[in-house]
Amino acid sequence: MTRIFSGVKPTGHLTLGNYLGAVRRWADVDQHRAEALFCIVDLHALTVDHDPGRVRRLSRQAATLLLASGLDPELCTVFVQSHVDEHARLSYLLECVATDGEMRRMIQYKEKAALERKRGGSVRLSLLTYPVLMAADILAYGTDEVPVGDDQTQHVELTRDLAVRFNQRYGHTFVVPRATRPEVAARVMNLQEPTSKMGKSDDVGPGVVYLLDEPDTVRKKIMRAVTDSGQDVAYDPEERPGVSNLLEILAACEGSDPAALSEAYTSYGALKKDTADAVVELLRPVQDRHKQLCADPSSVEGVLREGARRARAMARPTVDSAYEAIGLLAPSDG
Ligand code: TYM
């Protein structure tokens, strides 16, 4: 059976970008067609300046939101990365396969390191090695497919390279995974700055729709979205990034095509109104279910405990065989 792995990093409140680019597909499609694991990758949240209490709160909130979005623990495994030691164990081995130059070429590293330096902060070493930990997340589970938004494609490519290199050097150990992306909304853009990605941690609020935003807030943010200087509604992400972003969001909500949708509109105002309505309706059931789950935190904890138990059992044999293949002496039982 196909094995799927993906994750979300608790560095901020989950956004419409996370939902349309990744989480919705995990719930609607992936968990039904494969053996799927979805992870709150909390170790990754420590790669930039962080507040310990906030990371803990956001991890719990992310887990609750994944379940509220429809992930069903009867169908898939939902767990927290730091509850399964195998990720960190494997990450070190992969650091011995990856190169320094490869790490420094990662776009997200370059962008985030530049931002940290601009803020006058220092860059954590873990920010540089982050993609290796991500590769470990994926490879530990014999993953075939990694459903992600556009911004993670380069990291999944690196994961493939590391898997192939390890297998060539030390014998076949890892499945070589591939990224899958949604047909529309693989890169939802910031509503105020439509040439930048809508990101949960590094953006100003007005351009980012959060999954837990009140309907009024969602409407305001979308109605105030920056549009382009042209008059007509056309789908052209290069020349008309603002309008094209709204068309992508609406198309993703409706399951239609952004270029075809553009023909139905003659004004930006009407497009914004329909997009706002569609997003409010899309988020409503997620928010309702989130409220219910918050009233019963022990059920979420139970899901995470059972998820970690299952994940450990799946990852252990692969990680043990990587330890052996690379030349480490197995501990004796006696
Ligand atoms: P993260 O937490 O930034 O994002 C989680 C998922 O949401 C997608 N996404 C978007 N899709 C469309 N438009 C956007 N504006 C947008 N913003 C985010 C991301 O592509 C991602 O699929 N490094 C990963 C977490 C990770 C991971 C893994 C993912 C760690 N280990 C192993 C897959 C497999 C990250 O920071 O995602």
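**Exercise 1.** Find which residues Gln152 touches, not counting residues up to four places away in sequence, and decide whether Gln152 is buried or exposed.

*Solution.* Taking contact to mean heavy atoms within 4.5 Å, we find that Gln152 touches Gln108 and Met134, once residues up to four places away in sequence are left out. The model is a predicted one, in which local features need pLDDT of at least 70 and side-chain atom pairs count only at pLDDT 80 or more, while totals for chains, interfaces and linings use all residues. Residues are numbered from 1 along each chain as its sequence is written, and side-chain values use heavy atoms, with hydrogens and water left out. Next, Gln152 is placed in the loop between β4 (145-147) and α7 (153-170), where helices (H or I, at least four residues) and strands (E, at least two) are DSSP runs numbered from the N terminus. Finally, its relative accessible area is 13%, and buried means under 20%, exposed over 50% and partly exposed in between (1.4 Å probe, protein chains only), so Gln152 is buried.

**Exercise 2.** Work out which parts of the chain are tied together by the salt bridge between Arg316 and Glu86.

*Solution.* A salt bridge is a side-chain nitrogen of Lys or Arg within 4 Å of a carboxyl oxygen of Asp or Glu, and the side chains of Arg316 and Glu86 meet in one at 3.4 Å, N to O. Because Arg316 lies in helix α12 and Glu86 in helix α3, the pair ties together parts that are 230 residues apart in sequence. Arg316 is partly exposed, with a relative accessible area of 45%, whereas Glu86 is buried, at 4%.

**Exercise 3.** Determine which residues of helix α3 (residues 86-95) are buried, and where they lie around the axis.

*Solution.* The buried residues of α3 are Glu86, His87, Leu90, Ser91, Leu93 and Leu94. They cover an arc of only 165 degrees around the axis, which puts them on the same side of α3; the arc is that of the directions from the helix axis to the C-beta atoms. These buried residues pack against several elements, including β1, β3 (77-80) and α12 (297-325).
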